Structure formats: C-alpha cells, structure tokens
Amino acid sequence: MDSYDVAVIGAGPGGYVAAIRAAQLGFSTCLIEKHGALGGTCLNVGCIPSKALLESSELYAIARHKMAEHGIEVGEASMNVARMLGRKEGIVSDLTRGVAALMKKNKVTVLAGKGRFLAAKRIAVEGPGGSQEIEAEHVVIATGSQSVELPFMPFDGERVISSTEALCLPEVPGHLVVIGAGAIGLELGSVWARLGAKVTVLELLPRVVPLADEEMSKTLQRSLKKQGFVFALGCKVTGAEVKGAKIEVAYDDKKGTAQTMEADHVLVAVGRKPYTDDLGLETLGVQTTQGRIPVDERFHVGVGNVYAIGDVIRGPMLAHKAEDEGVAVAEIIAGKPGHVNYDVIPNIVYTWPELAQVGLSEQEAKDAGHEVRVGKFRFIANGRAKTMGETEGMAKIVADAKSDRILGAHIVGPRASDMIAELVVAMEFSAAAEDIARTCHAHPTLAEIVKEAALAVDNRPIHS
Ligand code: FAD
Ligand code: NAI
C-alpha cells in the first residue's frame with residue numbers, strides 16, 4: 001500500500017493549492033480527484049468558464065452598442081455561439097492541464113478516482129482503472145460544493161438547469177428565467193442577456209445581491225435594468241411545469257398575487273451546498289452541520305489528523321478563500337502558524353459594471369456598534385471613466401468615525417474587481433481612510449476614485 005505524509009481529497013482551488021504548499025514544505029503528497037480534469041468547480045464549471053463567457057458576451061455588447069460612438073463602423077455584429085463555447089472550453093482545458101503540470105513540477109502524485117475514508121489514515125480510491133488503498137499521516141478534505149436544487153423543481157439539465165448547463169447552452173434562449181439574484185444568477189444572466197435573451201430574475205429577498213451594501217446593490221440593479229434585465233424581487237417561486245420545449249414557472253409576486261411566466265430555460269441559482277457524498281465521514285464519526293464539515297480555527301475536524309478546507313466548511317464559497325485555506329492548512333500541518341484573515345476576503349460579482357466589496361457594509365458596521373463615517377465618489381466625475389464611456393457606479397468607503405480605520409469598501413463600476421485589491425491590502429494593514437487619501441494615485445486612472453472616496457470620508461473630495 002502506498003503511503004504519503006499528506007493526502008488531499010479534491011483538486012479544486014482549495015485542494016490543489018494545499019497539495020502544492022504541502023509539497024513545497026517537503027511532504028510526500030498525493031491529490032485524489034474523481035473528475036477527469038483537475039481544478040475543481042472553479043476551473044471546470046465555475047469561475048473560469050463563466051468569466052470566459054462574460055468576456056465574449058461583453059465584447060459582443062461593445063460591438064453592438066458602443067463602438068459606433070467611437071466612430072468605429074463594424075456593421076451588424078453577429079454571434080457564433082458554438083465558437084464562443086469552443087473558446088471557453090479551450091481556456092478551461094489549458095488551465096486544467098496547467099494544474100496537472102504544476103502537480104508534476106511539485107512532485108505531487110495525482111490519484112484519479114473517488115476518495116473514501118476507511119479510517120482516519122486510510123483511504124480507498126475508486127477510479128476508472130480499479131480501486132486502491134492508500135495510507136496518509138495527514139488528510140485534507142477539499143471536496144467542494146454543488147448547486148442547491150429547489151425540491152419542487154429538480155434539475156433536468158434541459159428546462160430546469162444549474163450553472164453547469166447555463167455555461168454551455170447551444171443557442172441563445174428566447175427567454176431565460178433566473179431564480180436567485182446572487183452571483184451566479186447575475187453573471188450568467190448577463191452573459192445570455194448581452195447575447196440577446198430576455199432575462200427575468202425572480203428573487204426571494206427585496207434586492208439583488210442581498211448580502212451586499214444596500215446602496216451598492218441598488219446601484220448595480222439600476223445598471224442591469226438599463227441593460228434589459230427584468231427583476232421580480234420579494235417573490236416566491238412555487239412551481240414549474242414543462243410544456244414541450246418550454247417551461248412555465250409559477251410564483252407569488254411581492255404582493256402575494258399568483259403569477260406565471262413561460263421560458264425556454266429556468267436557471268436555478270439559489271446557492272450551493274457542501275459536497276460530502278460517499279466520503280465515508282460516518283466511518284470517522286464526523287457529523288456535518290447544515291451540510292458543512294465542522295472545523296476548528298486550525299481546520300481540524302476533531303478526528304485524527306484530518307482537516308477540511310474550502311466550500312465544504314464554513315465561510316464564503318469563494319475560490320480565493322479556498323486557496324488561502326489550502327496554504328494555511330499545509331503550513332499548520334508543518335507546525336507553522338497558517339492563518340486566513342476572514343475579515344478581508346474580497347467578494348466580486350463580475351457583471352458590467354462589476355460589484356466588488358470587502359469588509360463590512362455600512363449597515364453591518366453600524367450593527368456591529370461602530371460610529372461610522374462614509375466617503376463616496378461617483379465614476380461620472382472620474383476622468384478616465386469618462387474617456388472609457390463607463391460612468392455608471394461609485395466607490396464607497398466605510399470608516400470608523402473615531403479611529404478612521406477602514407471597516408469596509410465597496411465599488412460598483414468598471415474593473416471594480418481589480419480596484420478592490422488596493423483596499424484589501426489597505427485593510428490587511430489596518431489602514432485608515434486618511435492613509436489612502438494621502439497616497440498618490442496615477443492620473444488619469446479609475447483608481448483615483450478610491451482616493452477621492454477616501455478624501456470624502458473627511459468631507460474633502462477634490463473633484464465633487
Ligand atoms: P471545488 O472547486 O468544488 O473542488 C472540489 C473537488 O473535489 C472537485 O473537483 C470534485 O470533483 C472533487 N471531489 C469531491 N468529492 C471527491 C471525492 N470523494 N474524491 C475525489 N474527489 C472529490 N468563486 C470565486 O472566487 N470567483 C468566481 O468568479 C467564482 N465564479 C463561480 C462561478 C460559478 C458558475 C460557480 C458554480 C462557482 C463560482 N465560484 C467562484 C465559486 C468557486 O468555484 C468555489 O468557491 C471553489 O471552486 C471552491 O473550491 P474548493 O476547492 O473548495 O472546491
Ligand atoms: P448566492 O448565495 O450568491 O445567491 C443566491 C440568491 O438566491 C440569493 O440572492 C438568495 O436570496 C436567492 N434565493 C434563495 N432561495 C431562493 C428562492 N427559493 N427563490 C428565489 N430566490 C432565492 O448563490 P449563487 O448565485 O447560486 O452562487 C453560489 C455561490 O457560488 C455564491 O455564494 C458564491 O460563493 C459562489 N459564486 C461566486 C462567484 C463570484 O465570486 N463572482 C460567481 C458565482 C458563484
């Protein structure tokens with residue numbers, strides 16, 4: 001029986017990063033993965049394919065709606081969906097093969113198959129080439145998550161679809177109904193809306209991205225509405241009936257009135273749940289809480305040398321959170337002080353404009369007992385945004401009124417995903433708004449909006 005210092009189950013961003021870091025620290029390491037390609041949800045059916053389609057659909061929208069104002073005449077733009085999907089598949093396969101190459105480079109043994117605990121240090125791996133047993137001194141569970149299904153509307157892969165099918169629809173639907181105005185609903189809704197689908201979003205709560213700062217979620221909703229999104233907020237979906245090549249969705253609107261609407265597909269995007277099927281957790285005596293594997297601050301599950309990271313444990317289901325936990329858990333196994341700062345994990349919705357946030361919303365900061373000062377600045381007054389023709393949105397910094405320490409930062413706007421990094425670093429170093437306000441920002445850049453918002457915390461913005 002082969003034995004390893006560290007075995008990692010699941011090759012998503014949590015698992016493969018944990019395996020690399022463990023190998024860097026000198027451990028003999030294996031990575032067990034049941035899917036044909038490495039990279040997990042993120043690379044195969046998540047972050048990467050969705051961003052590839054967002055990029056393609058955005059270019060199409062630019063060609064259709066924005067080029068003319070620059071004097072560029074390209075004629076009638078048309079979309080070859082098969083080619084767009086092929087490009088996306090190419091990117092996915094390049095990156096998943098890249099992860100395989102990283103494993104090779106770091107001398108991590110990849111075992112293809114489904115891992116199941118026989119004991120805390122013994123794992124059965126059942127793969128296409130048969131089954132084997134391995135032994136490991138330390139085991140890291142990184143088995144990720146799967147889409148939540150609505151009990152009265154099970155996924156059928158055709159009319160009722162999850163994000164996985166929404167990433168490869170062979171043609172632009174006439175009408176796509178999206179249930180859930182979270183990250184998946186708005187990102188994949190954007191892809192198909194930009195390509196010409198009518199997109200209706202049914203959301204249980206009264207606003208889109210309900211966990212975001214309220215002002216920012218309203219700002220984003222306004223922009224998406226202008227792009228043609230139809231929102232039915234505060235509504236309760238009650239059922240669906242397939243009618244030939246269509247599906248009829250029934251819901252109670254915010255006044256409680258029963259409504260129906262017909263669609264080509266319904267994308268159910270109401271969240272994801274941890275995945276631990278057939279993992280043999282019962283053998284270890286580990287009980288999940290609301291599906292999540294309970295861990296202590298060292299990612300230890302409370303049995304032997306077994307740890308868990310990523311979507312399968314508490315916290316936001318984000319690739320970079322899983323990656324940071326992967327590094328931390330390997331360092332903890334090596335006796336080092338591995339650590340993740342959960343207060344400064346950025347969260348981004350890659351719509352256009354993008355929504356990027358880190359730390360507390362204004363309301364959360366108040367609820368936590370802070371007296372706050374808030375600085376805002378709009379893209380309409382940013383020179384670079386004006387030259388780009390991208391003037392929707394704003395930046396908002398929430399600071400503690402007494403210490404001026406930044407508690408949260410929120411941006412809706414072009415390339416907000418890149419701009420938030422400055423604020424994440426600032427918060428990691430416990431910066432005050434004044435630190436940003438006094439830092440020179442190149443002109444003309446979008447990032448100047450961050451400086452202006454920081455100046456606005458002290459009521460002294462220059463350009464508004
Ligand atoms: P996963 O990536 O889910 O990987 C788990 C792996 O474990 C899988 O490969 C699975 O096959 C394997 N596995 C499970 N059980 C076993 C077993 N018993 N034996 C062997 N292998 C097993 N996050 C972001 O930060 N940014 C984004 O832009 C973003 N976009 C997303 C878009 C979509 C459409 C979706 C669905 C998700 C997106 N996410 C995004 C979330 C992100 O994909 C997850 O947070 C991330 O992949 C979690 O990493 P993980 O390593 O915990 O698990
Ligand atoms: P989500 O939790 O982001 O959003 C789900 C939405 O559905 C919420 O607004 C919720 O109020 C709503 N909802 C729940 N039940 C409902 C019901 N019965 N009817 C109508 N609405 C209902 O979940 P989503 O979008 O499915 O994504 C899952 C996870 O994947 C995210 O939480 C995120 O962690 C990750 N992800 C991250 C992305 C990113 O970082 N850009 C992109 C896509 C996914």
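How do the residues of the shell around ligand 1 divide into nonpolar, polar and charged? Keep that question in mind, everyone, while I cover the ground rules.

This is a predicted model, where local features need pLDDT of at least 70 and side-chain atom pairs count only at pLDDT 80 or more, while totals for chains, interfaces and linings use all residues. Residues are numbered from 1 along each chain as its sequence is written, chains are lettered from A and ligands numbered from 1 in the order in which they are written, and side-chain values use heavy atoms, with hydrogens and water left out.

Now, back to ligand 1. Its shell divides into 16 nonpolar, 17 polar and six charged residues. Here Ala, Val, Leu, Ile, Met, Phe, Trp, Tyr, Cys and Pro count as nonpolar, Asp, Glu, Lys and Arg as charged, and the others, Gly among them, as polar. There are 39 residues around this ligand, and Glu33, Thr41, Lys51, Gly115 and Ala319 come nearest; a residue is near if one of its heavy atoms lies within 4 Å.

Next, the backbone. A backbone N or O atom of glycine 14 lies 2.9 Å from an oxygen atom of ligand 1, and for methionine 317 that distance to a ligand oxygen is 3.2 Å. A polar backbone atom of cysteine 42 is 3.3 Å from an oxygen atom of the ligand. The protein covers 94% of the 1,000 Å² of accessible area that ligand 1 has on its own, by the Shrake-Rupley method with a 1.4 Å probe.

Which element supplies the largest share of that shell? It is H2, with four residues. Helix H2 spans 40-45, and S2 is another of the elements that supply at least two residues. Helices (H or I, at least four residues) and strands (E, at least two) are DSSP runs, numbered from the N terminus.

Let's stop at S2, which covers residues 29-33 and includes threonine 29. Is threonine 29 buried or exposed? Threonine 29 counts as buried because its relative accessibility is 1%; buried means under 20% relative accessible area, exposed over 50%, and partly exposed in between, with a 1.4 Å probe and protein chains only. A polar atom of its side chain lies 3.0 Å from the backbone oxygen of phenylalanine 27. Beyond its neighbours within four places in sequence, threonine 29 is in contact (heavy atoms within 4.5 Å) with residues including Tyr4, Val6 and Lys107.

On to ligand 2. It has 21 residues around it, with Glu187, Glu203, Gly271, Met317 and Ile348 coming nearest. A nitrogen atom of ligand 2 lies 2.7 Å from a backbone N or O atom of isoleucine 348, and leucine 204 has a backbone N or O atom 3.2 Å from a ligand nitrogen. Taken alone, ligand 2 exposes 830 Å², and the protein buries 77% of that. Its shell divides into 15 nonpolar, three polar and three charged residues, and H6 gives the most, with three.

Helix H14, residues 448-457, is mostly covered, with nine of its 10 residues buried. Among the buried ones are Ile449, Val450 and Leu455. The buried residues of H14 pack against strands S20, S21 and S22 and helices H12 and H13. After H14 comes asparagine 459, whose phi is positive, near 55°.

Note on methods. A polar contact is a pair of N or O atoms within 3.5 Å; within protein, one must be able to donate a hydrogen and the other to accept it, and residues adjacent in sequence count only if both atoms are side-chain atoms.
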